[in-house]
Amino acid sequence: MDALLPQTYLIGLIVLLGVAAVVVARQIWRVRSDEVTLAKLERGEGPKPSDAATLYELGSVQLRKRLYGQAAESLKQALKKAEAAKEPAEAQAVIQNALGFALAAQNNYKTAIRHYRLALEAKPAYPVALNNLAFALEKQLKLEEAKQTYEQVIELDANNKTARKRLKLLDRKAGLNRAA
């Protein structure tokens, strides 16, 4: 019985270390994959970054690497190419949303809001763009409009955890403001 406790402890420790190793390995693999993709796209290996899809991919990788300024430039180019090539509205909406995200990450919420709205014009039932728009409106202290936008998200996707959490937070803020 006394030998069972140390064995259990060692087995638990080994399992914990194994799980930690897997998590770290996955993260390293993901970062390495982004690095390789970014290097290929920037050097122009493979398909040239001259079409909208490749420029969008470059911008997406730059967003994941938190290179927001570079991502915004790549996504602006992708948007121009998509408009020139008469890409479907849904493709343009995805690019507009990503561009809005890059701008919001640089605290340029006014311009980000414009791009989110353009994304929603192209694809009205786009919960991700609505969530992003609501967050940017919240940052601009347009709380009532943000609340309405989060409610639209919930109408489209009743299980959207982000919208529900932010809506509760806005309700709590409104309750505190009324109490004061």
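**Briefing: a loop residue and a pocket between helices**

Lys-86 sits in the loop that links helix H3 (68–84) to H4; helices here are DSSP runs of H or I with at least four residues, numbered from the N terminus. The model is predicted, so local features need pLDDT of at least 70 and side-chain atom pairs pLDDT 80 or more, while totals for chains, interfaces and linings use all residues. Residues are numbered from 1 along each chain as its sequence is written, and side-chain values use heavy atoms, without hydrogens or water.

**Positive phi in loops**

- Most residues other than glycine have a negative phi.
- Lys-86 is not a glycine, yet its phi is positive, at about 55°.
- Asn-107 lies in the loop between H4 and H5.
- Asn-107 is exposed, with a relative accessible area of 56%.

**Largest pocket**

- The largest pocket holds about 170 Å³ of space.
- A pocket is an open set of points on a 1 Å grid over the protein atoms alone, where a 1.4 Å probe fits, with protein on both sides within 12 Å along at least five of seven lines.
- Lining residues have an atom within 4 Å of a point; among them are Phe-101, Tyr-116, Asn-132 and Arg-166.
- Helices H4 (89–105), H5 (109–122), H6 (127–139) and H8 (161–179) each give two or more residues to this lining.
- The lining has 7 nonpolar, 3 polar and 1 charged residues.
- Nonpolar covers Ala, Val, Leu, Ile, Met, Phe, Trp, Tyr, Cys and Pro; charged covers Asp, Glu, Lys and Arg; the others, including Gly, are polar.

Key:
Grid points are joined across faces, edges and corners, and a volume is the space filled by probe spheres set on the points. Buried means under 20% relative accessible area, exposed over 50%, partly exposed in between (1.4 Å probe, protein chains only).
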